[in-house]
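Keep the structure open while reading.

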There are 2 protein chains.
Amino acid sequence: MGWLIGLDWGTTSLRAMLFDGEGGVHETRHRAWGIRQLPQGGFEAALSSICEGWPSCPVLAAGMVGSQQGWHEAPYVDTPADVHALAAHLVTVAAADGRRIHIIPGVRDGVGPNVMRGEETQLIGVLDAQPRLAEGTPLVLPGTHSKWVQLYRRRITGFTTMMTGELYGLLRTHSILGTGLPDARAAARHHESFDGGVRAARASGSAGVLTRLFSARTLVLEGKLDAAAVPDYLSGLLIGEEWRAALAAGWLDRGEIPVLIGDEALCLRYRRAATLFDLPDPTWIADATARGLWRIARVAGLAVDRTPPVPMELPG
Amino acid sequence: MGWLIGLDWGTTSLRAMLFDGEGGVHETRHRAWGIRQLPQGGFEAALSSICEGWPSCPVLAAGMVGSQQGWHEAPYVDTPADVHALAAHLVTVAAADGRRIHIIPGVRDGVGPNVMRGEETQLIGVLDAQPRLAEGTPLVLPGTHSKWVQLYRRRITGFTTMMTGELYGLLRTHSILGTGLPDARAAARHHESFDGGVRAARASGSAGVLTRLFSARTLVLEGKLDAAAVPDYLSGLLIGEEWRAALAAGWLDRGEIPVLIGDEALCLRYRRAATLFDLPDPTWIADATARGLWRIARVAGLAVDRTPPVPMELPG
């Protein structure tokens, strides 16, 4: 295979990776150009700019760039979905600068219903890296909209969504629970408060964590929780709720070892919470988007240009 | 008793009632002067202005005006709390214009912990109006922070908080679920969507409604929910969750007839949701703050000025 540019293009950020012919990432670039905060010139300008100086080669994009609010809609593929279904439903856009962008569809599960965009590419990467991943192992991709995924025979067979990260942001930024707190950037971690939040979520039983949310305020009023520790307590309440609900909904059985995929610091919080639920320590797999992009490109037969990169001439 | 001015002074609004010597409300005035949005001159100016032309008489205030962020803190009274405990712990402030303001304390329940300010006065009013209220009947005061209250022998013996109204506002205004919705003011009611939300909350079982929240987005993506109906669907999800959690937590048994207290339109939503949980139709009692203020004033021995009101001279 030749060179390939991979894009991880979400709501709040754009990451571009230049792959060499072996699937290695030659260079990575980040911009704050999520699909809701594009530079002047929109998608075209963002793409041209972030790929400046890179060779002429196919571009493969994952994420919200393929949503109704994105560059071009790539309609969802239904579960059960595998790498072949995704590769067969790429949507191709010709950019003004001559590049061809192939957008990976998201996946839809009729139960819920639920949808994902971007996570499917991570999952393909995980499956490529860990072909022995146990059938039926519950996979968790924590984030703004956490996904709980079931795989079977290398297919995405079902998944569901918890809006944990978004709820945390709403409560931290806009609710009475977040008023009067010290600057978050200056805050140290408060592990005990996080643990307290997880324990409160677990103790809420079948009533659920919404019956305990107000304690993030009353504990401060009573001097039992430092105002600076409220964000960690809230984080514990909501991540704890994710484990509680997963057990209650049967997405996870007590004996199973779940797999966490994504940002290490966030996954560490989920692991810490799992131990407080007396669950086995989850396995952690780092973000696998790059590997997923490469794998989908290979299956789709992209990246056939075998010429070495020619540096573009700079103007002037 | 003589004349009395009662204040219901919350976070977002101020309501002043002039009581005649029999406890009848002679006149009511509203201003948008909640404790976070006071006019120039602060509490003093707000009080002077809203009472302009009213007789010189005691002022009794309930609500967030007695919080740490209020005019003067009136420390919480612990459960079990009755009208005598509240009346014995009024905190008195002398205003610059010569009026004396007596602030009713809130109530604290050590379990949770939970706190209320303003609801205790409503509850005293309800107890005064309905002395035969069945012992142990669960009382619900829906709102920004809904309260579920247990009374025993005319005392507030325990209560808990659900942040239902605040969560609704956060999700409606700031979350992805609320993006791209038509103007709420122009929206008609979508009863079927509300019912759909309640049913989804009930169907979530012990996993709870946070496992279903994302459906407010995906149902729109699939054309199964009109974007204009999302607010009602969300309202159904969250009010439904309140009934689900109350049953799961044991705040309410299936056979009991709960009592709803407060705004009629909001209480109607809770009644509609209760029927979808196959619960008996709750009793509804309108806001009882005025009656509670009058009752607490009597027990505290306020309003002893028996002279008729003297109209104040207007300047100029």
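β11(B) and β12(B) form a hairpin with two residues between them. In the turn, B:Arg153 has a positive phi of about 50°. Strands here are DSSP E runs of at least two residues, helices H or I runs of at least four, numbered from the N terminus. Two strands pair if DSSP finds at least two bridges between them. β11(B) and β12(B) pair antiparallel over seven bridges. B:Trp148 has B:Thr160 in β12(B) as its bridge partner.

β11(B) also pairs with β10 (residues 139-141) of chain B, antiparallel, through three bridges. Four residues link β10(B) to β11(B) in a hairpin. B:Leu141 is bridged to B:Lys147 in β11(B). Five of the seven residues of β11(B) are buried (under 20% relative accessible area; exposed is over 50%, partly exposed in between; 1.4 Å probe, protein chains only).

## Basis of the model

This is a predicted model: local features need pLDDT of at least 70, side-chain atom pairs count only at pLDDT 80 or more, and totals for chains, interfaces and linings use all residues. Residues are numbered from 1 along each chain as its sequence is written, chains are lettered from A and ligands numbered from 1 in the order in which they are written, and side-chain values use heavy atoms, with hydrogens and water left out.

## Helix α4 of chain B

α4 (residues 164-174) of chain B has buried residues B:Thr164, B:Glu166, B:Leu167, B:Leu170, B:Leu171 and B:Arg172. Their cover includes β11(B), β12(B), α7(B) and α8(B). It also includes α4 of chain A.

## A three-strand sheet

In chain B, an open, mixed sheet runs in the order β5-β8-β9. β5 (77-78) and β9 (114-116) are the edges, each with a single partner strand, so one side of each lacks a neighbour in the sheet. β5(B) pairs with β8 (residues 107-109) of chain B in parallel over two bridges. B:Val77 stands opposite B:Val107.

## Helix crossing in chain A

α3 (residues 119-129) and α9 (residues 289-300) of chain A pack at about 85°, axes 7 Å apart. α3(A) is therefore roughly perpendicular to α9(A) (65 to 115 degrees). The contact (heavy atoms within 4.5 Å) includes A:Ile124 of α3(A) and A:Leu293 of α9(A).

## Cysteines

How many disulfides are there over all chains? The count is zero, a disulfide being a pair of cysteine sulfur atoms within 2.5 Å. The sulfur of B:Cys57 is 7.7 Å from its closest cysteine sulfur, in B:Cys51, too far for a bond. B:Cys57 is buried at 8% relative accessibility. A:Cys267 is buried at 1%.

Note on methods
Axes fitted to C-alpha atoms, helices over the stretch in contact; angles between N-to-C directions. Parallel < 35°, antiparallel > 145°, perpendicular 65-115°, else oblique.
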